[in-house]
Amino acid sequence: MKEAVLEKDKALVLRLRAQLLDWYDAHRRDLVWRRGARDPYRVWLSEVMLQQTTTPHATPYYERFLALWPTVTDLAAAPDEQVMAEWAGLGYYSRARNLIKCARAVVSEHGGRFPSSEAELLKLPGFGPYTAAAVAAIAFDQPANVIDGNIERVMTRLYVIETPLPEGRPQVRDAAAQWLTDDRPGDWPQALMDLAQAICRPKAPLCMLCPLREGCLAFQQGRQAQFPVKRAKAAKPRRQGDLYLIVNGDTVLVERRADKGLLGGMLGFPHSPWREDAVPAQPPVPGPFTRKGSFDHIFTHFALMQTVLLRRIGDTEASEMLRQRNDWQFIPVAKGRELPTVFRKALAFLD
């Protein structure tokens, strides 16, 4: 049975809510996607990019996407390969594939306009509960229960939610729902996120500056550092493989990966299967390869070590290789900096 969440006094909630919005008006972050009118396309794009990455890292990608594709109609018409290439470095490439699918669904099914209701947004490709709630609230000013990791931290402290996350998320949702009203529903989740970033920080929260401290049970009990309670993480399995840098002059060989699976549809360097056991690998082409070193990369579900093997070839052999495989191509080494990080790291061994 789900543990009940303490019901806070409604008058207190409304007063503290107003205090936080006043604080937000004075201290809100100047983020590029908050400037100007709340365009649903821009809100959606920023929310998708901010999943699993930081604001400073996502900002240049956001600005480049808007320069290339100012509207959802522009994005829907873009070639898949170009969108995937521009996404490289943001990780979680299924999000980029869903970005393209969603843009095309908005154009084909909704005339290029995002639906305004949370329920209809949830029907779009790539829209989960968080994204649907965030777009409904921020873009369409509807009361929606937006829950991300920052808001989880604030709510677990306000209510001393002892159940470890992720099991405690239903309680977090019940707690956050108590603060929803028709007053500035688009600003409310953003105010909570800015509070979590500036004051209700993971470590050393600045509680004496917090406009919600009067209603915070963790503050009253001196237990701020204990929340949120998180389930102990299991150690990631380790895998290994060989990565092949095949260089022709100032170009390097890449392959187009299958659409499905990890890094689906992306360009990357040829490599052996990523396995937990050490199995001798067969290079994609015969010939002597030079071992240059190895590097580690962390995925969500496993840690990877790749050994980098280098071979330099001439124009004739390069042309013959391209005749053998239509999923291979040579790109300038400089363009290799735009590949996913798990491949881009290998270029350091060319120096």
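The legends below describe close-up views of cavities and aromatic rings in a predicted model.

**View 1. The largest cavity and its lining.** This cavity holds about 110 Å³ of space. Its lining is made up of 14 residues, and R157, C200, C207, C210 and C216 are the ones nearest the centre. By class, 11 of the lining residues are nonpolar, 1 is polar and 2 are charged. Helix α9 (residues 149-159) supplies the largest share, 3 residues.

**View 2. The second largest cavity and its lining.** About 40 Å³ of space lies here. The lining consists of A144, N145, V146, M155, A176, L180, W188, P189 and L192. Of these residues, 8 are nonpolar, 1 is polar and none is charged. Helix α11 (residues 187-198) contributes the most, with 3 residues.

**View 3. The ring pair of F65 and W69.** The structure has 12 aromatic pairs. In the pair of F65 and W69, the ring centres are 5.0 Å apart and the planes meet at 70°; because planes over 60 degrees apart count as edge-to-face, this pair is edge-to-face. F65 is buried at 0% relative accessible area, and W69 is buried at 5%.

**View 4. The ring pair of W179 and W188, with R17.** The centres of the W179 and W188 rings lie 5.9 Å apart with planes at 10°, so the pair is stacked. W179 has a relative accessible area of 0% and is buried; W188, at 3%, is buried. The charged end of R17 sits over the W188 ring, 4.6 Å from its centre.

**View 5. A ring cluster of Y41, W44 and F114.** Ring pairs link these residues.

**View 6. K8 over the face of Y159.** K8 lies 4.6 Å from the ring centre of Y159.

How values were computed: Residues are numbered from 1 along each chain as its sequence is written. This is a predicted model: local features need pLDDT of at least 70, side-chain atom pairs count only at pLDDT 80 or more; totals for chains, interfaces and linings use all residues. Side-chain values use heavy atoms; hydrogens and water are left out. On a 1 Å grid over the protein atoms alone, a cavity is a set of points where a 1.4 Å probe fits but cannot get out, and a pocket is an open set with protein on both sides within 12 Å along at least five of seven lines; lining residues have an atom within 4 Å of a point. Grid points are joined across faces, edges and corners, and a volume is the space filled by probe spheres set on the points. Helices (H or I, at least four residues) and strands (E, at least two) are DSSP runs, numbered from the N terminus. Ala, Val, Leu, Ile, Met, Phe, Trp, Tyr, Cys and Pro count as nonpolar, Asp, Glu, Lys and Arg as charged, and the others, Gly among them, as polar. Rings of Phe, Tyr and Trp (its six-membered ring) pair if their centres lie within 6.5 Å; planes under 30 degrees apart count as stacked, over 60 as edge-to-face and the rest as tilted. Buried means under 20% relative accessible area, exposed over 50%, partly exposed in between (1.4 Å probe, protein chains only). A charge sits over a ring if NZ of Lys or CZ of Arg is within 6 Å of the ring centre and within 35 degrees of the ring normal.
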